[in-house]
Amino acid sequence: MTAGLWTHWVLPGIWITLQLTLYSAALATAVAFTVGMARTHRSRVVRFLAGFYTEVFRGTSALVLMFWLFFVLPSLFGWALVPMWAAVLALGLSYGAYGAEVVRGALNSVAPAQREAGIALNFTRWQQMRLIQLPQAVPEMIPPFSNLLIELLKGTALVSLLGVADVSFAAYLVRLATQESAQIYSVTLVIYFVIAFVLARGMRSVERRTKAGIGITATPGGAR
Amino acid sequence: MKTWDWSAVADFMPRFLDGLLVTLQVLVLGSLLSFTLGLIWAIGFRAPTRFIRWPVHAVTEFIRNTPLLVQLFFFFFVLPEFGVQFSALTTGTIAIGVHYSTYTAQVYRAGIEAVPPGQWEAATALSLPTGRTWTAVILPQAIRRIVPALGNYVISMLKDTPLLAGISVLEMLQQSRLESAATFQYTEPLTVVGVAFILIAYPASLLMRALERRLVR
């Protein structure tokens, strides 16, 4: 592989992959908290809508959703998405649905007496959520979120099928240019593995920090 | 702005059913491969020597933390360089089975670790050979607990089968792309495929939840 291919395709590809991971993770986190908290809402309608959302977006395939957002949305509504944003939307919405289940589970695992204490202190529902339930639930969410983040990183490879020039797409181009598949695909796999490793390590330290914040020492090897 | 056209749905049905059949075929064969290989990895995790344990850990971690799509391309483009020629369908099935075997390995491992140590000791006390210990004592107790978790991975695998469209396997997504290319109808075929996934995956996940209640604990 020549230096030109490396600097023109592979390095920018890595950057695109990282950007995609970051943006989709941000969207997925927002969706996960919104939908996950909605699933513990007292109104049955809100709970049903949130449950419907998770079942639909967990039920379908992220790749099909991505193609749908990219190819069908324009013809149905008359406006088109840039491939990059179709990808971010698809990944964020579907991994957000997985994350919502994590948020719901963690909120349910907070002892009910904690919320009752909030009621006794005359907190509003939002104050109970923000000051009592979330601070205790968030550390519980970090290990499953860490796994989801790795899944999300792996999911970003799908965007190469829409022609977004991420690292998988770069690998494809390099293969066409050099006719050497083994080398470039091995390198690509290693690149993904290194990113995944760094992300998992980062999440491990986030876990330690959030647990220390509420006075729990994290168990070693907590994630996974 | 374009309205929904049911006749386009009807036109897509023959291709869709072909695609569905291929998807299910990949799913069944891929699941069988992942169940078998996953068990082999899981037994490797417990091997008496670290010269087996460490490589097994390294290989499964590497496969599990890298994207299935890149692995598909790896198998599809690299194996022929070493003179191993498979059809796209076979390559795809093998790749998806190997990828998910690293997940099922973790499930088996958890299931095996959940078998109480007394069971191992009892097998030793009865001086059962290693093979009998696994097949007659440990696995029957472990597998019962992990059926729902394995089932959930089968559902995940179903949702990853469209990736095989990347190497031109004629599963549901690729069929919808062919239909769109032939008729310029993008809306209906893709929507049908998306809904089909929900219609298969949702009842399957309900079934797994019911199984979980019945089999676990």
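Colleague: How many residues of chain A and of chain B are in contact, and what makes two residues count as a contact?

Modeller: In this predicted model, 31 residues of chain A are in contact with 29 residues of chain B. A pair counts because the C-beta atoms of the two residues lie within 7 Å.

Colleague: Which elements of chain A give two or more residues to the side that touches chain B?

Modeller: Helices H2 (44-59), H3 (62-77), H6 (125-155), H7 (167-178) and H8 (181-213) of chain A do. The largest share, 9 residues, comes from H3(A).

Colleague: What is the make-up by class of the side of chain A that touches chain B?

Modeller: That side has 20 nonpolar residues, along with 8 polar and 3 charged ones.

Colleague: Why is B:Ile63 called buried?

Modeller: The cut-off for a buried residue is 20 or more other C-beta atoms within 10 Å. B:Ile63 has 21 within that distance, so B:Ile63 is buried.

Colleague: Where is B:Ile63 placed, and which residues does B:Ile63 touch, not counting those up to four places away in sequence?

Modeller: B:Ile63 is in helix H2 of chain B, residues 50-64. With that exclusion, B:Ile63 touches B:Val98, B:His99 and B:Thr102. B:Leu39 is 24 residues apart from B:Ile63 along the chain, and their C-alpha atoms are separated by 16 Å.

Colleague: What confidence does the predictor give chain B and the complex?

Modeller: Chain B has a mean pLDDT of 90, with 98% of its residues at 70 or more. For the complex, the predictor gives an ipTM of 0.86 and a pTM of 0.88.

Key:
Residues are numbered from 1 along each chain as its sequence is written. Chains are lettered from A and ligands numbered from 1 in the order in which they are written. This is a predicted model: local features need pLDDT of at least 70, side-chain atom pairs count only at pLDDT 80 or more; totals for chains, interfaces and linings use all residues. pLDDT is the predictor's confidence in each residue, from 0 to 100. Helices (H or I, at least four residues) and strands (E, at least two) are DSSP runs, numbered from the N terminus. Ala, Val, Leu, Ile, Met, Phe, Trp, Tyr, Cys and Pro count as nonpolar, Asp, Glu, Lys and Arg as charged, and the others, Gly among them, as polar. A residue is buried if 20 or more other C-beta atoms lie within 10 Å of its own, exposed if 12 or fewer, and partly exposed in between; C-beta atoms are placed from the backbone.
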